[in-house]
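Visitor: Hi, I'm new to this one. Could you walk me through it?
Guide: Happy to, here it is.

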Amino acid sequence: MDAIEERKVYRLVLTGGPCGGKTTGQSRLCTFFENLGWKVFRVPETATILLSGGIKFADLVAEEVYKFQENLLRTMIQIENTYFELGRTSNKNCLIICDRGFMDASAYISKEKWDRMMRSNNWNPVELRDNRYNQIIHMVSAANGAEQFYATEEHSCRSEGVTLARELDYKAASAWIGHPYFDVIDNSTDFENKVNRMIECVCQKLGIDIGDRLSITSRKVKFLVSGPMPPDTSFPAFQDFEVVHHYLQCAGPRVQARLRKRGQNGRWSYIHTIRRPQQHGQSIEVRTQLSHRDYLNMLTQQDDAHFTIYKKRRCFLVNNQYFQMDIYKEPSHPRCKGLILLETYTSLTGDKLKAILPKFLNIVKEVTGQPDYSMFNLSLREDWNNTKKFCYSLHDQDDAEVKTNGHSQKMINGKA
């Protein structure tokens, strides 16, 4: 692979509620990646550009507001495309930070008008949400959890009170529900660590090893959920997806590679993931977005030792926490029948972690790090008692309990 192919262009949307730290966070993120030798482009917020020209919504009639929102999106797409093209021709790794993205506009318009706008412009919201950007980060408003720091004086386009700011914060976050890499940075720490968590979150998705430079670590936690599923009306706003995973053949036993096909309404996105051990006791996942052609080509490397995994994935937001719930579907190994797993990223533990979990789900127990609930192991065709492929940890064997009676649930340092 030549140098051009190895360069990364990472398209990030930094969004959030009023007074969430988006402006400061963008500046800090820019400095951090420039210090790593990356080229960083910052796409300005389209709404701010247009509103600073003297437009007042109070002076507009309904149809004028609709046309303004439509033209705002057209302008946003063109501005972003200009920076995306510059990123593609850059001779360095390139981070493109978008100050809000396409779906943010849906928070300020009725669903009826939004659907009309999508149809009249031949825009596909699934494509523009899931495939246009690599990652979405939502910075929760100070009005939700850090009220004493909420202020409007230093922002010329901000006038919201605390109650309205909370409503706008939730709407802005809900607009992105369903994106495969959507992270919510709440106010559970002080502002300095809030920004550090945001930067660390980007580095994790990119597979950049930052050691202990950023002290507050958010980790993936996983829970076993017992059926039957509650009715859809019990859930807040959600998005459902069909997800298909294929494990691929790998050269080494401590490396895992897989393909993911994820779709909604006939539109699909494709991701290649390589999971390997790294320093500092962490396993790192490096994800690459694929075209449909590349996906089909890589599918020829499928590992026949694994079943193809089929799931329905439901994404939703509860207590400022973004959850993904995977409902395993047939065909699969009998061990997956009726299996429902809930995942989220958080730095909380103990009772604080329990407090943010959805109350409408029957959560049996936490299974974070337990190899019996690793998708790699769940997909194995052979019985666990008879296979040599059962994976306890991607780290050294000393980090996992020695295998007895086929398999064990004890893990000291590994992440399943």
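Guide: One term before we start: two strands pair if DSSP finds at least two bridges between them. Helices (H or I, at least four residues) and strands (E, at least two) are DSSP runs, numbered from the N terminus. This is a predicted model, where local features need pLDDT of at least 70, side-chain atom pairs count only at pLDDT 80 or more, and totals for chains, interfaces and linings use all residues. Residues are numbered from 1 along each chain as its sequence is written, and side-chain values use heavy atoms, leaving out hydrogens and water.

Visitor: Great. How many bridges join S7 to S8?
Guide: Seven, and strands S7 (residues 238-248) and S8 run antiparallel. Glutamate 242, for instance, has glycine 263 in S8 as its bridge partner.

Visitor: And is S8 enclosed or open?
Guide: Eight of the nine residues of S8 (residues 256-264) are buried, so the rest of the structure largely encloses this strand. Buried means under 20% relative accessible area, with a 1.4 Å probe and protein chains only.

Visitor: Switching topic: what is the strand order in the open sheet?
Guide: The five strands go S2-S3-S1-S4-S5, with parallel pairing.

Visitor: Which strands stand at the edges?
Guide: S2 (39-43) and S5 (182-185); each has a single partner strand, so one side of each lacks a neighbour in the sheet.

Visitor: How do S1 and S3 pair?
Guide: S1 (residues 9-16) and S3 (residues 94-99) are parallel, over six bridges. In S3, leucine 95 is the bridge partner of tyrosine 10.

How values were computed. Buried < 20%, exposed > 50% of the residue type's maximum accessible area, 1.4 Å probe, protein only.
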